[in-house]
Amino acid sequence: MTPRLVLAAGALAAASVLGVAACGGSDEAAAPVATTEVAMAKSYRFDPTAISIEAGETVTWTNDDNFTHTVQVDGQEDHKVERGERVSITFDQPGTYHYLCTLHSKDMDGEVVVG
Ligand SMILES: [Cu+2]
């Protein structure tokens with residue numbers, strides 16, 4: 001029983017150190033969030049901007065904004081997403097995929113890191 005408690009305390013300490021390190025960085029580019037859900041949030045942005053998934057997983061973008069947006073992964077077709085709608089794209093090959101909204105390309109882009 002005692003060894004398990006010690007292990008748990010160790011893991012907690014490690015997590016705290018990681019949290020501090022993340023806060024210390026003032027860099028705008030945050031580490032990719034492990035999720036398959038991206039919101040087109042108000043206004044004109046993808047949230048989270050960078051995500052990480054496993055090969056073969058499907059990412060769904062949901063338009064929660066008041067404007068029509070699109071999702072175009074570099075080199076692929078453009079998908080228009082009206083208000084309240086969504087689009088899903090499956091990533092089979094590992095790699096880093098940049099994408100953007102072709103209607104607001106200066107404000108809206110993001111990244112899918114496929115492991
Ligand atoms: Cu847009």
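Reader: What arrangement do the four donor atoms around the copper ion have?
Author: In this predicted model, the arrangement is tetrahedral, because the four donor atoms subtend angles of 86 to 134 degrees at the copper ion and the cut-offs for four tetrahedral donors are 85 and 135 degrees.

Reader: Which atoms coordinate the copper ion?
Author: The copper ion is held by ND1 of H69, SG of C101, ND1 of H104 and SD of M108, at 1.9 to 2.7 Å. Along the chain, these donors follow the spacing H-x31-C-x2-H-x3-M.

Reader: Where do H69 and C101 lie?
Author: H69 is in strand β6 (residues 69–73), and C101 is in the loop between β9 and β10 (109–114). The two are 32 residues apart, so this pair links distant parts of the chain.

Reader: Are H69 and C101 buried or exposed?
Author: Both H69 and C101 are buried.

Reader: Turning to the aromatics, how many aromatic pairs does the structure hold?
Author: There are five aromatic pairs. One of them joins F46 and Y99 edge-to-face, at 4.8 Å centre to centre and 75 degrees between the planes.

Reader: What about W61 and Y99?
Author: That pair is edge-to-face because the ring planes of W61 and Y99 stand at 75 degrees, with the centres 5.0 Å apart. W61 lies in strand β5 (residues 57–63) and Y99 in strand β9, so the pair ties together parts 38 residues apart in sequence.

Reader: Why does Y99 count as buried?
Author: Y99 counts as buried because its relative accessibility is 0%, and the cut-off is under 20%.

Reader: Which residues form the aromatic cluster?
Author: F46, W61, F91, Y97 and Y99 form one cluster.

Definitions and conventions
Residues numbered from 1 in each chain as written. Predicted model: local features only at pLDDT ≥ 70, side-chain atom pairs only at ≥ 80, totals over all residues. Heavy atoms only, no water. Phe/Tyr/Trp six-rings, centres within 6.5 Å; stacked < 30°, edge-to-face > 60°. Helix = DSSP H or I, 4+ residues; strand = E, 2+ residues; numbered from the N terminus. Buried < 20%, exposed > 50% of the residue type's maximum accessible area, 1.4 Å probe, protein only. Donors = N, O, S within 2.8 Å, 3.2 Å for Na, K, Ca; no water. Tetrahedral: all angles 85-135°; square planar, octahedral: opposite > 155°, others 65-115°.
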